[in-house]
Amino acid sequence: MRRYGRKVGGMDELEELEQRARRVYGPARLSRGAQALMWMLRVYVIGMLALVVFAFTRQLG
Amino acid sequence: MAVLREASRDADLRRLDRERVLSVRSRSRSPLQNLLLFLLLAGPGILVMIGDNDAGGVITYATTGARYGVGFFVPFLLLLIPVAYVVQEMTVRLGAVSQKGHAELIFDRFGRFWGIFSMVDLVLGNCLTLVTEFIGMAAGLSVFGIGLRPAVVGSALLVAALVSVQRYLTAERITLVCAAVNLVFVPLAILAHPAPGQVLSALARWNLPGGFTRDVLFLVIANVGTTIAPWMLFYQQGAVVDKGLTPRDIREGQQDTLAGSLIMGVVAVAIVVLTGTVLFPRHIDIGNLSQAQWAQTLAPYLGPVAERLFGLGLFEAGLVAAITISLSSAWAVGEVSGQRHSLNASMRQAPVFYGIYAGSIAVAAAVVLLPGAPLQLITLTVQVIATLLMPPALLFLLLLANDPEIMGEHRNRLGANLFTGGIVAMILVLSTLYGIVTVFPHALGG
């Protein structure tokens, strides 16, 4: 099999990409601001889901 | 080309594609070489944006023009071009740098709940959106005298046939050729003989006759929802990874996204100008027009050629959207389930990926052919799901694009953060308003 790709910084570009693709990222370490945003998101999703359930219940009723 | 071994088929094909890119890169940087490089690397950005001008989008723009003319919405749609660009550009950097799809990164960084929530919401919303694409394709083909059943079955086979090439680049190029038909709305708008002064005056004055009512809110949300949709994030990032774009290709990826945003904006404006010129001044009642009736409504004023062009445009809009939307589902499920997910993989290598693609097409086509299917409920549910998913998807995008561990030197700059933060806030407000107005229809006094 031919090896394609150019050496970039001493490393085959495609090998570098495959390394990136293989990398497993753990859970993100969120800043306080990001944590606050995540809480807002939870409130938003729960609120919207409640609205949807309410709307469908009313439709069925 | 070297004989492809089954086990490494996708990796080998990617290497082959990279060789082409590197060969062009290694030559002198003349304008011609730059163009060649752009043509080689462009695709995901243009396709995602044209896919976004889907059958539902065409009807949304047509309704907008017919109801409100060019006054408010032409400038509004032009404003949405940078919005679409800024949002989608982040997926280029994320994909090129991480070599992972959007669903996989959400799963990895924000945990199982948000990963599964995003994927289920996306796949469900995509399946239902696909139903509307098949309705659009059938409506487009009906202009040429093709009945519902052969139109839907034929369209489904066409959409499925595209991935049977099992080669990313070939599938992308074929879809790009189909997508070029989206531009048909531009000559259609010119055929309508719009008054240039009226369009320019709309840009200068930007007023809304009748004020900001509930109907206008719905159209604003529909237009925003048509411009940026959750599946677009998953599609473009997945396509960037599958195409094998690297951090060195980010600039071309950005140009590709910019080109796509401009095409999307021009086509959207063309449709609004078309119906805003032909239907709005005549106060034609577009109340509950079906998709097929739109082309017929234009025919008396623009002739049979225009009717056929509109039909062709509607068919193309549904076709390209069906391909891109199904691919976004297939990539997302493959990423989260840890199964192989590449258009360069063979069907034997990636059964889940191809299964999701074919399955969602089959289900959507079957629903359209089902007698008495609740199509209105489906359309409403699509909007509700998209509304639910959009703020989380945008917020995750923003957090990921700022993640130093993933993005390193390619993380967002302050300007992009401020702009995207504003967009997230706007979407959040519009989505909440939309949710409230859907449940309490008289909340805005309409």
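Let me begin with a definition: a residue is called buried if 20 or more other C-beta atoms lie within 10 Å of its own, exposed if 12 or fewer do, and partly exposed in between, with the C-beta atoms placed from the backbone. What we have here is a predicted model, in which local features need pLDDT of at least 70 and side-chain atom pairs count only at pLDDT 80 or more, while totals for chains, interfaces and linings use all residues. Residues are numbered from 1 along each chain as its sequence is written, and chains are lettered from A and ligands numbered from 1 in the order in which they are written.

I will start with chain A. Its secondary structure comes to two helices and two strands, and along the sequence these follow the pattern β-β-α-α; helices here are DSSP runs of H or I with at least four residues, strands are runs of E with at least two, and both are numbered from the N terminus. Of the 61 residues in chain A, buried residues make up 10%.

One residue that does count as buried is Leu51(A), because it has 20 C-beta neighbours inside 10 Å. Leu51(A) is found in helix α2 of chain A, and its C-alpha atom is separated by 53 Å from that of Asp12(A), which is 39 residues away along the chain. Which residues does Leu51(A) contact, leaving aside its neighbours within four places in sequence? They are Gly435(B) and Val439(B), where contact means that the C-beta atoms of two residues, placed from the backbone, lie within 7 Å.

That brings me to the interface. The contact takes 24 residues from chain A and 28 residues from chain B. On the side of chain A that touches chain B, the elements giving two or more residues are α1 (13–22) and α2 (32–60) of chain A, and α2(A) gives the most, with ten residues. By class, this side of chain A divides into 19 nonpolar residues, one polar and four charged; here Ala, Val, Leu, Ile, Met, Phe, Trp, Tyr, Cys and Pro count as nonpolar, Asp, Glu, Lys and Arg as charged, and the others, Gly among them, as polar.

Turning to chain B, its secondary structure comes to 19 helices and zero strands. Its radius of gyration is 21 Å, which agrees with the value near 22 Å that a compact globule of 446 residues would have, the radius being taken over C-alpha atoms and the globule rule being 2.2 Å times the number of residues to the power 0.38. Along the principal axes, the C-alpha atoms of chain B fill a box of roughly 60 × 50 × 50 Å. Of the 446 residues of chain B, 56% count as buried, and among the contacts in chain B with a separation of 6 or more, 84% are between residues 24 or more positions apart.

Next, two helix pairs of chain B. Helix α4 (residues 55–68) and α13(B) pack at an angle of about 40°, with their axes 7 Å apart; axes are lines fitted to C-alpha atoms, for helices over the stretch in contact, and angles run from 0 to 180 degrees between N-to-C directions. The two helices are therefore oblique to each other, given that angles under 35 degrees count as roughly parallel, over 145 as roughly antiparallel, 65 to 115 as roughly perpendicular and the rest as oblique. Residues of this contact include Tyr61(B) of α4(B) and Ile271(B) of α13(B), and by class the contact has nine nonpolar residues, four polar and no charged.

In the second pair, the axes of helix α15 (residues 304–337) and helix α16 (residues 351–369) of chain B come within 8 Å and cross at roughly 140°, which makes α15(B) oblique to α16(B) as well. The contact of α15(B) with α16(B) has nine nonpolar, five polar and no charged residues.

Leu245(B), in the loop between α12 (230–243) and α13 (250–278), is buried, with 27 other C-beta atoms within 10 Å, and its C-alpha lies 8.5 Å from that of Val92(B), although the two are 153 residues apart in sequence. Gln166(B), in the loop between α7 (148–163) and α8 (168–179), has a positive phi of about 50° although it is not a glycine. His193(B), in the loop between α9 (185–191) and α10 (196–205), likewise has a positive phi, near 50°. Are these two buried or exposed? Gln166(B) is buried, with 20 other C-beta atoms within 10 Å, whereas His193(B) counts as exposed, with 10 C-beta neighbours inside 10 Å.
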